[in-house]
Amino acid sequence: MKQKVVVYKKVPEDVLMFLSEKFEVIYFKNLEDRKDSNFIQELHTAHGLLGSSLKIDKELLDHAPNLKIVSNISVGYDNLDIEELNKRGIQATNTPGVLVDTTADTIFGLLLATARRMPELDFYVKSGKWNGTKNEDLFGVDVHHKVLGIIGMGSIGKAIAKRAHFGFDMDILYHNRSRNEQVEKEFNAAYCELDELLKTSDFVCLMTPHTPETDKMIGEREFHLMKDTAIFINGSRGKNVDEAALIYALQNQQILAAGLDVYEIEPINKDNPLLKLPNVVALPHIGSATKETREKMARLAAKNLAEGLAGKVPLNLIK
Ligand SMILES: NC(=O)C1=CN([C@@H]2O[C@H](COP(=O)(O)OP(=O)(O)OC[C@H]3O[C@@H](n4cnc5c(N)ncnc54)[C@H](OP(=O)(O)O)[C@@H]3O)[C@@H](O)[C@H]2O)C=CC1
Ligand SMILES: O=CC(=O)O
């Protein structure tokens with residue numbers, strides 16, 4: 001009998017076909033509620049789970065006694081309770097690599113859009129307000145030749161540094177728990193302690209995973225250390241930032257502006273003050289969201305899942 005796989009995110013046809021050749025596939029194209037009774041029912045007999053963002057914790061796993069693998073279609077896996085999965089001998093995988101350039105493009109684009117106020121000015125033109133030529137109040141700030149501080153110089157951080165160094169002649173500072181000599185050589189990046197990076201950077205770009213250690217790692221103290229001309233970019237996870245402190249910093253000119261792809265709560269509440277601030281550029285968590293890249297991610301996730309269910313060690317096993 002075929003093993004059973006529950007897919008709870010929309011995936012391309014070829015991925016469904018690949019999975020259906022090997023497994024019984026139950027497809028929830030757009031699961032909105034993890035308590036959905038049909039979904040819970042299917043979990044009871046599932047061997048594999050494929051999707052993204054869904055919180056997979058003890059409560060959910062108690063419904064899935066036969067589960068062998070959870071394959072996340074994302075690189076971040078803060079939605080998974082890894083300790084609980086390990087305890088139960090359930091493998092977990094993610095999709096690093098294939099989304100690096102796309103995400104770096106988005107985050108660098110967000111940085112440019114924030115510095116040059118592009119969404120605000122697009123609205124200005126389209127709403128017919130452009131009727132003068134001396135528009136100094138529309139000026140932005142330069143990106144080229146400025147200092148970019150990257151917190152979390154991993155795969156995506158490096159790809160952002162590459163764009164900044166070769167494309168925009170920026171000076172790169174970075175902070176990790178460990179040094180990365182490759183980026184120091186290739187992009188002339190300088191390692192520094194977090195506080196030094198915050199004090200010195202014109203752009204502060206956060207790219208760490210969300211872990212207990214990085215939870216709210218940027219808060220009141222950190223915004224206070226930043227220049228009042230600094231632009232803060234968050235492409236990582238909303239929970240890495242104390243959002244109330246970010247709002248305060250933006251409202252009180254402690255920093256100049258912020259470009260955000262991620263939020264403490266997603267989707268962001270309609271009444272969140274961030275949405276009222278002209279110095280915020282807000283994207284709906286679309287770092288890796290191009291057709292090509294999302295397809296690659298789904299294919300890689302399906303491959304990881306198939307390897308796990310075939311008793312092999314999946315390529316992207318989370319350890
Ligand atoms: N907006 C979006 O759509 C997307 C967001 N993401 C987010 O970006 C994150 C990073 O992805 P990726 O670059 O592939 O991951 P990597 O694992 O390659 O890089 C993470 C980096 O963060 C550093 N880091 C981890 N913990 C800390 C810490 N406590 N303090 C300082 N630095 C730390 C690591 O260095 P070290 O271990 O030396 O500390 C490493 O350099 C993902 O986990 C995800 O949350 C990813 C894709 C798309
Ligand atoms: O946020 C997206 C991811 O892949 O992680």
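Of the 30 residues around ligand 1, those that come nearest are Gly76, Gly154, Arg177, Pro209 and Gly287, a residue being counted as near a molecule when its C-beta atom, placed from the backbone, lies within 6 Å of it. The model is a predicted one, in which local features need pLDDT of at least 70 and side-chain atom pairs count only at pLDDT 80 or more, whereas totals for chains, interfaces and linings use all residues. Residues are numbered from 1 along each chain as its sequence is written, while chains are lettered from A and ligands numbered from 1 in the order in which they are written.

By class, the shell around ligand 1 divides into eight nonpolar, 18 polar and four charged residues, where Ala, Val, Leu, Ile, Met, Phe, Trp, Tyr, Cys and Pro count as nonpolar, Asp, Glu, Lys and Arg as charged, and the others, Gly among them, as polar. Helix α7 (residues 155-168) gives the most to this shell, with three residues; helices (H or I, at least four residues) and strands (E, at least two) are DSSP runs numbered from the N terminus. Ligand 1 lies between domain 1 (4-97 + 292-309) and domain 2 (100-282), because both give residues to its shell. Ligand 2 is surrounded by Ser74, Val75, Gly76, Leu99, Gly287 and Ser288, a shell with two nonpolar, four polar and no charged residues.

The division of the chain into domain 1 and domain 2 rests on bounds that come from an automatic or database domain assignment. The C-alpha centres of domain 1 and domain 2 lie 32 Å apart. Five residues of domain 1 are in contact with six residues of domain 2, contact being taken as C-beta atoms, placed from the backbone, that lie within 7 Å. On the side of domain 1 that touches domain 2, one residue is nonpolar, three are polar and one is charged.

Over residues 5-318 the chain is 36% helix and 14% strand, with end C-alpha atoms 19 Å apart, whereas residues 108-287 are 33% helix and 15% strand, with end C-alpha atoms 10 Å apart.

Seven strands form an open sheet with parallel pairing, in the order β8-β7-β6-β9-β10-β11-β12, two strands being paired if DSSP finds at least two bridges between them. The edge strands, each of which pairs on one side only, are β8 (190-191) and β12 (280-282). Strand β7 (residues 171-175) pairs with β8 over two bridges, and tyrosine 174 has tyrosine 191 of β8 as its bridge partner. Strand β9 (residues 203-206) pairs with β10 over four bridges, with isoleucine 233 in β10 as the bridge partner of cysteine 205. From strand β10 (residues 231-234), Ile231 and Ile233 point one way and Phe232 and Asn234 the other way, and all are buried, that is, with 20 or more other C-beta atoms within 10 Å of their own, against 12 or fewer for exposed residues and values in between for partly exposed ones, C-beta atoms being placed from the backbone.

Leucine 16, in helix α1 (residues 13-22), is partly exposed, because 17 other C-beta atoms lie within 10 Å. Leucine 16 touches Val11, Val25 and Tyr27, not counting residues up to four places away in sequence.

Definitions and conventions: Contact = placed C-beta atoms within 7 Å.
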